[in-house]
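Dear colleague,

Please find below the sequence and structure that I am handing over to you. My findings follow directly after them, and I would be grateful if you would read them alongside the coordinates.

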Amino acid sequence: MSTHTALVRLASAMTALTCAVTVSVGSAGSSTAARPPVQDLVSPRTVPGAAQLSQDAHGVRFHTAGVADVRTGRPIRPTDRFRVGSITKTVIATVTLQLAAERKLDLDDPVTAHLPAPTAALLPCPGGSRGPGCRVTVRQLLTHTSGLFSYTDDRAFFRRFFGPGFAAHRFETHKPDALVRTALAHPPYAAPGERYRYSNTDYLLLGMVIRQVTGHSYATEAYRRVIAPLHLTGTSFPGTRTRLPSPHGRAYTTTGTTTGTPTSNSRTADATDLNPSSAGAAGELVSTLPDLNRLFGALLRGALLPAPVLRQMRDTTDSYGRYGMGLFPVRLPCHRTLWGHNGEISGSYVQTLGTTDGRHLVSYRVNSDAPVDPAAESALLAAEFCPKA
């Protein structure tokens with residue numbers, strides 16, 4: 001689910017990249033001259049397959065490299081379902097902002113006003129004014145400026161569910177309030193509103209806010225408000241379901257180190273089946289490349305939010321230019337700014353980005369959680385969005 005590391009990695013590489021890259025429309029087996037940049041996302045040892053779906057006024061282009069399944073050798077298909085990790089946050093933020101537009105909540109409300117009593121009590125306010133919890137607002141959760149500790153940063157939790165203990169604990173079910181307790185057992189990173197710090201706890205709490213305000217789960221509200229209206233037929237919230245819907249390839253996790261960083265001795269293990277309740281509202285969503293392009297295209301064009309609310313969603317003032325509300329900017333060296341989100345979960349990494357008007361989009365993914373070469377990501381985006389030299 002961690003987006004912070006991947007975003008920093010990409011941003012640093014983009015600053016050093018020129019934009020004189022030719023967009024290729026060749027297949028994975030084409031000559032070197034037509035080599036699509038997506039091929040450079042594949043690593044023989046740790047990243048078996050990659051795919052890219054682009055669309056603009058000239059049409060839709062799909063490229064794939066490597067394999068979806070190392071056992072059968074079949075390629076990744078456009079309609080394959082896969083886990084999208086923190087792209088879930090874009091959907092959760094959209095639902096929350098719709099509720100704000102409907103005046104069912106205010107972004108500057110204290111989050112404790114929209115949480116069930118047992119969970120609100122986990123964010124205590126001794127004396128009615130002290131303690132970090134009572135001062136955290138809905139807006140601060142959306143912008144990752146709450147200061148609340150991310151439960152996935154808990155070392156024991158990370159090792160059990162995203163690290164060396166993944167195989168033994170991958171099918172365990174997690175309740176959101178238990179994950180919140182894990183987070184609040186740690187002191188906050190900072191006072192509310194003081195600074196930006198990406199925290200999966202923020203969106204875990206927003207999922208609970210949606211239920212409290214609407215009386216329905218975040219999955220139900222997201223389906224009614226986003227998934228069904230946009231006809232995202234390959235998109236779903238699995239809850240505790242461990243298997244991916246068909247069709248799908250396989251997902252691979254890097255093992256052999258305690259940090260997840262590949263070494264010469266690293267290998268991959270199959271991570272296709274897992275219980276995504278450890279991610280919940282912060283990262284459980286399953287989708288497809290076409291659905292992601294449709295989702296972000298509609299969102300950026302203003303089909304899901306009123307124009308003033310969409311402007312708020314893209315306002316990065318509170319995070320000093322790093323994050324809006326479920327969206328972040330990627331600034332290219334050719335002076336174009338894209339908007340989107342990425343996601344990482346065991347066995348999968350994906351990113352969707354688009355122009356401000358939502359008319360030019362790209363979604364690309366790999367079927368592994370091994371770190372993707374940031375220079376390869378940068379080259380792919382430059383080829384897609386930057387003018388030819």
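Helix α8 supplies 5 residues to the lining of the second largest pocket, the largest share of that lining. Please note that the model is a predicted one. Both α8 and α9 (218-227) contribute at least two residues each to this lining. By class, the lining of the second largest pocket consists of 9 nonpolar, 9 polar and 3 charged residues.

The packing of α8 against other helices comes next. The axes of α2 (residues 88-101) and α8 (residues 200-214) come within 10 Å of each other and cross at roughly 40°. The two helices, α2 and α8, are therefore oblique to each other, and their crossing is left-handed. On the side of α2, the contact is formed by Lys89, Ile92, Ala93, Val95, Thr96 and Leu99. On the side of α8, Asn200, Tyr203, Leu206, Gly207, Ile210, Val213 and Thr214 take part. This contact of α2 with α8 contains 8 nonpolar, 4 polar and 1 charged residues.

A further partner of α8 is α7 (residues 176-184); the axes of α7 and α8 come within 10 Å and cross at roughly 145°. The crossing in which α7 passes α8 is left-handed. From α7, the contact draws on Pro176, Asp177, Leu179, Val180 and Ala183, while α8 provides Thr201, Leu204, Leu205 and Met208. Classified by residue type, the contact of α7 with α8 has 7 nonpolar, 1 polar and 1 charged residues.

How is α2 oriented relative to α9? The axes of α2 and α9 lie 10 Å apart, and the helices pack at an angle of about 75°. That angle makes α2 roughly perpendicular to α9. In this contact, α2 is represented by Val91, Ile92, Thr94, Val95, Gln98 and Leu99, and α9 by Tyr218, Glu221, Ala222, Arg225 and Val226. The residues of the contact of α2 with α9 comprise 7 nonpolar, 2 polar and 2 charged. Ile92, Val95 and Leu99 of α2 take part in the contact with α8 and also in the contact with α9.

The peptide bond from Ser246 to Pro247 is cis, with omega near 0°. Pro247 is placed in the loop between α9 and β4 (252-255). Tyr320, although not a glycine, has a positive phi of about 55°. The loop that holds Tyr320 runs between α11 (307-313) and β7 (328-331).

Yours sincerely

Note on methods: Residues are numbered from 1 along each chain as its sequence is written. This is a predicted model: local features need pLDDT of at least 70, side-chain atom pairs count only at pLDDT 80 or more; totals for chains, interfaces and linings use all residues. Side-chain values use heavy atoms; hydrogens and water are left out. Axes are lines fitted to C-alpha atoms, for helices over the stretch in contact, and angles run from 0 to 180 degrees between N-to-C directions. Helices (H or I, at least four residues) and strands (E, at least two) are DSSP runs, numbered from the N terminus. Angles under 35 degrees count as roughly parallel, over 145 as roughly antiparallel, 65 to 115 as roughly perpendicular and the rest as oblique. A crossing is left-handed if the near helix is turned anticlockwise from the far one by less than a right angle, and right-handed if clockwise. Contact means heavy atoms within 4.5 Å. Ala, Val, Leu, Ile, Met, Phe, Trp, Tyr, Cys and Pro count as nonpolar, Asp, Glu, Lys and Arg as charged, and the others, Gly among them, as polar.
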